[in-house]
Amino acid sequence: MATQDGSEEVIMETEEKPKEAEQLGEDGEKSEAETHTDAGNATTQDSSISNGDDADDKQETVDLKIIWNKNKYDLKIPVDSTGAKLKESIHSLTGLPPAMQKVMYKGLLPEDKTLREIKITNGAKIMVVGSTINDVLAVNTPKEVIQQEVKADENKKEPLCRQKQHRKVLDKGKPDDIMPAIKGAKERLPTVPLSGMFNKSGGKVRLTFKLEQDQLWLGTKERTEKVPMGSIKNVVSEPIEGHEDYHMMAFQLGPTEASQYWVYWVPAQFVDAIKDTILGKWQYF
């Protein structure tokens with residue numbers, strides 16, 4: 001019996017093992033199928049993520065240093081972005097609305113051109129000037145009034161270049177070392193100071209635009225006066241009769257015309273760039 005029982009037990013075990021093996025085989029097939037399915041899903045997922053990264057990598061970008069209100073921000077942006085798009089990115093960084101921004105890079109940054117067209121490269125420093133709407137309104141109101149008064153006075157007076165106080169400087173003639181001028185053209189500010197011009201006393205003067213400090217430097221042989229651009233109330237100019245490719249220009253440093261700092265023989269192609277840089281297109285006049 002013992003032998004028979006043992007034999008039966010062996011037979012039973014032998015008969016049950018294939019069932020277990022079959023079950024294990026089925027489980028193994030299921031597990032293998034699930035593994036293939038998961039792997040397929042993972043491959044699809046990885047493929048879509050990779051495609052997205054590849055698209056971003058193909059877009060050429062530049063790294064910029066944004067300087068505003070004595071703070072510096074790092075910004076990475078596609079090189080084919082326009083000046084308007086750059087303003088939107090600056091808004092995201094600083095909270096300063098695009099309409100309130102005066103963005104400087106070798107002069108006032110044009111909104112309709114791309115960074116590539118402007119030739120902005122990696123590491124370029126972008127100067128941003130701007131303030132809250134309340135501050136702007138407080139500053140602009142008196143400037144607007146001043147400019148309207150100046151325009152009204154100009155309509156009543158004879159041309160500036162005929163007035164006695166200006167004739168004594170203009171009669172000295174055009175300076176020999178003055179920068180070349182182009183009548184009817186508009187150019188961005190040069191990277192070097194504007195030099196070779198005369199001031200009211202007939203001495204040589206140069207204009208240096210320090211955009212990072214938001215200052216205009218009025219340099220003579222004796223000294224250099226550093227003027228915050230925000231303190232300049234107005235900028236007026238007029239072509240010089242007989243030499244229309246050059247202008248005479250005044251920077252109003254105080255509340256009255258007596259505070260005007262006159263500069264003579266300013267090349268005509270830089271007149272608009274000077275006004276835009278100092279006054280800013282974002283102001284309400």
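Student: Why is E111 called partly exposed?

Tutor: In this predicted model, E111 has a relative accessibility of 41%. Buried requires under 20% and exposed over 50%, so E111 falls in between and counts as partly exposed.

Student: What makes the contact of E111 with K87 a salt bridge?

Tutor: The closest N and O atoms of E111 and K87 are 2.7 Å apart. The criterion is a side-chain nitrogen of Lys or Arg within 4 Å of a carboxyl oxygen of Asp or Glu, so the pair qualifies as a salt bridge. E111 lies in the loop between β3 (102-104) and α3, and K87 in helix α2 (residues 83-94), so the bridge ties together parts that are 24 residues apart in sequence.

Student: Is K87 buried or exposed, and how do you know?

Tutor: K87 is buried, because its relative accessibility is 9% and the limit for that label is under 20%.

Student: What makes the pair E60 and R116 a salt bridge, and which parts does the pair tie together?

Tutor: The side chains of E60 and R116 meet at 3.1 Å, N to O, and the cut-off is 4 Å. E60 lies in the loop between α1 (2-58) and β1, whereas R116 is in helix α3 (residues 115-118), so the pair ties together parts that are 56 residues apart in sequence. E60, at 47%, and R116, at 40%, both count as partly exposed.

Student: Why is D171 called exposed?

Tutor: The relative accessibility of D171 is 56%; the label requires over 50%, so D171 is exposed. D171 forms a salt bridge with R167, with the closest N and O atoms 2.7 Å apart. R167, at 30%, counts as partly exposed. Elsewhere, salt bridges that share partners join E60, D80 and R116 into one network. The count by this rule is nine salt bridges.

Student: How many aromatic pairs are there, and what makes Y246 and W265 edge-to-face?

Tutor: The count is two aromatic pairs. For Y246 and W265, the distance is 5.7 Å centre to centre and the angle between the planes is 70°. Y246 is buried at 3% relative accessible area, and W265 is buried at 2%.

Student: Why is the pair W262 and Y264 called stacked?

Tutor: The ring centres of W262 and Y264 are 6.3 Å apart and their planes stand at 25°. Stacked requires planes under 30 degrees apart, so the label applies. W262 is buried at 5%, as is Y264 at 0%.

Student: What makes N199 buried, and which residues does N199 contact?

Tutor: N199, in strand β5 (residues 194-199), has a relative accessible area of 9%; this is under 20%, so N199 is buried. Leaving aside neighbours within four places in sequence, N199 is in contact with V169, V205, T220, Y261, W262 and Y264. The side chain of N199 also makes a polar contact with the side chain of S201, at 2.9 Å.

Note on methods: Residues are numbered from 1 along each chain as its sequence is written. This is a predicted model: local features need pLDDT of at least 70, side-chain atom pairs count only at pLDDT 80 or more; totals for chains, interfaces and linings use all residues. Side-chain values use heavy atoms; hydrogens and water are left out. Rings of Phe, Tyr and Trp (its six-membered ring) pair if their centres lie within 6.5 Å; planes under 30 degrees apart count as stacked, over 60 as edge-to-face and the rest as tilted. Buried means under 20% relative accessible area, exposed over 50%, partly exposed in between (1.4 Å probe, protein chains only). Helices (H or I, at least four residues) and strands (E, at least two) are DSSP runs, numbered from the N terminus. A polar contact is a pair of N or O atoms within 3.5 Å; within protein, one must be able to donate a hydrogen and the other to accept it, and residues adjacent in sequence count only if both atoms are side-chain atoms. Contact means heavy atoms within 4.5 Å.
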